[in-house]
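Please look over the structure shown here before reading the briefing that follows. The points are grouped by topic for a reader new to it.

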Amino acid sequence: MPMVTVTRRLKFNAAHRVHNPAFSDEENSRTFGKCNNAYGHGHNYTLDVSVAGEVDPNTGYVFDLSRLKELVTREVVDAVDHHNLNIDVPFMRDVIPTAENMIVQFWRILEGKIAPGRLVRLVLWETENNYVEYDGR
Ligand code: NI
C-alpha cells in the first residue's frame, strides 16, 4: 500500500520571554537580546502537523484532516493560544519557551494520540522567516 503524508496547518498566538533563570541578568540580556525584554512579547505562530499512513480504501484518506485539526486544537493549541508561555502553560513551565522547546513538548503530547497513521513531522513557524522542525528523534 502506498504511504502518504498529510499535513494540517494551525495558527495561534502566544507571548513569551526568552529567559534562563539560571543566568544573571547580564547573561540573559547578552544571550537573548530583545527576546529577553522583561515584559515579554508576542508571536503569531504557525504549526504544521504531518501524519503518514496508508490510504484507507473506504475513505481515500490517510487521516481525516478536520479530525486532525480538532485533535491538535484540543491537545495543544487551546493550551497555548493567547497564553503566556512562561507563566500559564503547564507543559512549558520547566523549559525556556523557545520554538525548539515548544515543538518538542508538542510532539510529546501528540505522538501517542495519532491513529490511524503516525506523527512524522512538526514544523513550527515563529516568524515568517524563522521556523523549527522536529520528527521525534
Ligand atoms: Ni520571541
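Strands β4 and β5 form a hairpin with 5 residues between them. Strands (E, at least two residues) and helices (H or I, at least four residues) are DSSP runs, numbered from the N terminus. The model is a predicted one, in which local features need pLDDT of at least 70, side-chain atom pairs count only at pLDDT 80 or more, and totals for chains, interfaces and linings use all residues. Residues are numbered from 1 along each chain as its sequence is written, and side-chain values use heavy atoms, with hydrogens and water left out.

**The hairpin and its loop**

- β4 and β5 run antiparallel and are joined by 4 bridges; two strands count as paired if DSSP finds at least two bridges between them.
- Within this pairing, L122 has Y134 in β5 as its bridge partner.
- N130 lies in the loop between β4 and β5.
- N130 is partly exposed, with a relative accessible area of 45%; buried means under 20%, exposed over 50%, and partly exposed in between (1.4 Å probe, protein chains only).
- Not counting residues up to four places away in sequence, N130 touches L124 and W125, where contact means heavy atoms within 4.5 Å.
- N130 and D48 are 82 residues apart in sequence, and their C-alpha atoms are 14 Å apart in space.

**The sheet**

- Strands of a sheet pair through backbone hydrogen bonds, either parallel or antiparallel.
- Here 5 strands form an open sheet with mixed pairing, in the order β3-β1-β2-β4-β5.
- The edge strands are β3 and β5 (131-134), and each pairs on one side only.
- β1 and β2 (residues 41-54) run antiparallel and are joined by 14 bridges.
- T7 stands opposite S50 in β2, and F12 has Y45 in β2 as its bridge partner.
- β2 and β4 also pair in the antiparallel sense, over 7 bridges; A52 has R118 in β4 as its bridge partner.
- β1 and β3 pair in the parallel sense over 2 bridges, and the bridge partner of A14 in β3 is H83.

**Helices on the sheet**

- α3 lies across β1, β2, β4 (118-125) and β5, and runs at about 155° to β4.
- Such angles run from 0 to 180 degrees between N-to-C directions, with axes being lines fitted to C-alpha atoms, for helices over the stretch in contact.

**Aromatic pairs**

- Rings of Phe, Tyr and Trp (its six-membered ring) pair if their centres lie within 6.5 Å; planes under 30 degrees apart count as stacked, over 60 as edge-to-face and the rest as tilted.
- By this rule the count comes to 6 aromatic pairs.
- The ring centres of F12 and F106 are 6.1 Å apart and their planes are at 70°, so this pair is edge-to-face.
- F12 lies in strand β1 (residues 3-16) and F106 in helix α3 (residues 99-110), so the pair ties together parts that are 94 residues apart in sequence.
- F12 counts as buried at 3% relative accessibility, and F106 counts as buried at 0%.
- F91 and F106 form an edge-to-face aromatic pair, 6.1 Å centre to centre with 80° between the planes.
- This pair links distant parts of the chain, 15 residues apart, with F91 in the loop between β3 (83-84) and α3, and F106 in helix α3.
- Ring pairs link F12, Y45, F91 and F106 into a cluster.

**The nickel site**

- The protein donors of the nickel ion are H16 (NE2), H41 (NE2) and H43 (NE2), lying 2.0 Å from it.
- Donors are N, O and S atoms within 2.8 Å of the metal (3.2 Å for Na, K and Ca); water is not among the atoms, so sites may look incomplete.
- Along the chain, the donors of the nickel ion follow the spacing H-x24-H-x1-H.
- H16 in strand β1 and H41 in strand β2 are 25 residues apart, and the pair links distant parts of the chain.
- H16 is buried, with a relative accessible area of 2%, whereas H41 counts as partly exposed at 23% relative accessibility.
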